[in-house]
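Reader: Please take a close look at one chain of this model. I want its build, its packing and then the place where its partner touches.

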Amino acid sequence: MNDRVKWVPLVLFILLGAALTYGLAKPNDTNITSKMIGASVPSFTLPPATKTLPGLASADLANGKPHLVNIFASWCVPCIAEAPQLKAIADAGVPVVGIAVRDRPEALARFLGRNGNPFQAIGADDASQVQMAFGSSGVPESFVVDGKGRILQQTIGPINPPDVAGVIATVKAAR
Amino acid sequence: MIAEAGLAALWFAAALCALQLVAASAAVRGQTELAAIVRPVAVAQAVLTALAFALLIWLFVRVDLSVLLVAENDHSEKPFLYRFAATWGNHEGSMLMWVTILGVAGAAVALFERQLEQRTLLATLAGQAVIGIGFYAFLLFASNPFARLDPAPAEGRGLNPLLQDPGLAFHPPTLYLGYVGLSVAFSFAIGALVTRDVGPAFARAMRPWVLAAWIFLTIGITAGSYWAYYELGWGGWWFWDPVENASLMPWLAATALLHSVTVLATRDGLRAWTIMLAVVAFSMSMVGTFLVRSGILTSVHAFAVDPRRGGFLLILLFLYIGGALALFGARIGTVREGSRFDLVSREAGLVGNNLLLSAILGIVLVGTLYPLIVEAATGTKLSVGPPYFNAAAGPLALLLVALMGVGPLLRWRRDDGLVLLRRIAPAAIAASLALLAVKLAAPSIRLLPWLGLALSAGLALASIAPLWRRNLLRTPLFVWGMVIAHLGIAVSLAGMACDSSFTVEKLVAARIGETVPVGPYQVRFAGVEPTFAANWQALQATLEARRGDGEAIILHPQARAFWAPPTETSETAIHTALGGQLYTVIGKQAGEGRWQLRLWWKPFVTLIWAGGAMIAIGGALALLGRVRRGRRRPLEAWA
């Protein structure tokens, strides 16, 4: 056997171990400064993702009212964990709209039936095009958008219970 | 006193484990007078950990609330079964079960392994002791299951209601037997690397142990999948959740190992690779344990997560996996190359099996850890879901199924391509006919399930082909085992394809008296009434399902509210018919006297688990066949 090849497994494992160490040691901070803050939302028009709610277009986000745009999917596990927080935000009077990434209507209906539906509209982003235009690389991600369609805040990963007050405050301040 | 006795037993077991390590390593280095004590020490160690585990079970059954763990996870009003099973429905208890199985597996090797050369066996038992010491330290210093609570509370906090199911009594023990059973393969590999004794005799000795662990792992995964299916009420049977992947990865590695060890035993090939797989299989068990226990990945299954313990487990991971791979790097160069073989041969087929299984393992590992790696690199959090896993692993799995049809029909060393074609022709024709028939019957079927159904038809025929023209009574048991296990894959695959393509789902807000059609059934919503048991109360729906003019089947799905701890769960009601399952869930009240009902008709979904059971039965037959044959060889005297 080649002399270098036999050490490859060990090197691979050390890389894996480094990733795990990082995962264990990382600070639990989900709010990061995003290049998208201050930018306008990309222009898009998405068809409805379910039979019960309308679709979503960039024009809906520039109607004078601030919104929380939640990029999610029914197949995403952290999105289930995030659902109660979205519900709390919607209950506080914040209009929450969704962009469902690579989803199917029946799976989405099941997801909403099980986890509750905080959304006023959900657009179907079947090819992740709008998600990428938003500068988002995964689900879930949430954007606070002001009444003119400018992005004020980006939350990467699920909105955790301690983040809820901050999101609501940002939306209220934008009014 | 019971708790103190348990803790004392654990300390004694740890001390014996250290003694086992010292004695066995000294014996390997040539002080043969110490060899005689290794076996009794290994057995005594197992007896003591088993005693500690039994005492913990006793504490749980009699709900001794002065023990912290019992107070946090037990409740006096729970039925006996759940007080018993709650022992391992938490972090400390499940780790004690882990260590108990580790000790018992080591003792089993010490008692029953007669084929392995003595020095290698001693090195193997030393390896088992090295693993043991780390996990004893973890239990004693970082997660003592016997810690006291003073003053004792009046009542315990209860067990997660999702776990209050007969499945808890069965699924974790079998899964752990598989997980930890693989430690034996790991220790065998360490032993063989230490003594440089890698060859057919070593492979024949290791094979039954790998088989045994693999059988339990198969049962554990199959049972866990069915448990999640009926308990979570989501209608799915596999979610690509990190915890599920954590059990799938060792299974993939062990399956590859099972096949490569056959090449080593029969043809003395794939020496280094087999050792590597033996290391990887148990490493995946440990990585899986770490992922589940440390909670660094978001999972719906994270029942007993404690990040503080993660650091300890990570250090063990580095020591054991890193140490084994370093030993591999240092020693494998001195292992002679095995014999070579032709491109068209049974060996080549098994190499293909191994490459595909390893590729799938890589895909699952990358998909499971990808969120973590991306976060380390860019600070971005994300989730990888079924779209990735199905698209990446699905085609490879189907390729593997196709190869599975061909492999067993190949001859060792070299085979003739043309003769082979004649042998696989019936299966290929069956697969092609199924391909056409499925497309005609269901024109809108998606590509993967379509190919899946066709391949499962082909594999079903191909997997029984090795029995062709054989005297069935004189066919060795391990050939029967292979045939049944491969047939099980075909059956399971057919179930998966049917479930993903032909499931009918209805999500309705129904009034009492309303009738909803689902698949071949008319389901009438007859009423809702409250009901209760010792530790929960529930709203129970009565559903009358009729197929044509037949007798009504009564189903009672429940929305349960547990009070210790306060949680709501939905209990599915499932009717199993010959052609599939009617799966019903009652959800929230939807206002105006309406209730949310979720109804599924899932054709042939039971085949998924029936196939899993066949795979395990096949494994058991193969194990029986191998052990019987091994017995007939002359026993090596133990010096």
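Author: This is a predicted model. Chain B holds 17 helices and ten strands. Its radius of gyration is 26 Å, close to the 26 Å that the globule rule gives for 639 residues, so chain B is as compact as a globular protein of that length. Along the principal axes, the C-alpha atoms of chain B fill a box of roughly 80 × 75 × 55 Å.

Next, the domains. Chain B is divided into domain 1 (1-164), domain 2 (168-335 + 346-400) and domain 3 (504-603).

Now the packing. Of the 639 residues in chain B, 52% are buried. Take the contacts in chain B with a separation of 6 or more: 75% of them join residues 24 or more positions apart.

Last, the partner. Chain B brings 39 residues to the contact, and chain A brings 34. On the side of chain A that touches chain B, three helices each supply at least two residues: α1 (8-25), α2 (77-91) and α3 (105-115). The most comes from α1(A), with eleven residues. By class, that side of chain A has 21 nonpolar residues, eight polar ones and five charged ones.

Key
Residues are numbered from 1 along each chain as its sequence is written. Chains are lettered from A and ligands numbered from 1 in the order in which they are written. This is a predicted model: local features need pLDDT of at least 70, side-chain atom pairs count only at pLDDT 80 or more; totals for chains, interfaces and linings use all residues. Domain bounds come from an automatic or database domain assignment. Helices (H or I, at least four residues) and strands (E, at least two) are DSSP runs, numbered from the N terminus. The radius of gyration is taken over C-alpha atoms; the globule rule is 2.2 Å times the number of residues to the power 0.38. A residue is buried if 20 or more other C-beta atoms lie within 10 Å of its own, exposed if 12 or fewer, and partly exposed in between; C-beta atoms are placed from the backbone. Two residues are in contact if their C-beta atoms, placed from the backbone, lie within 7 Å. Ala, Val, Leu, Ile, Met, Phe, Trp, Tyr, Cys and Pro count as nonpolar, Asp, Glu, Lys and Arg as charged, and the others, Gly among them, as polar.
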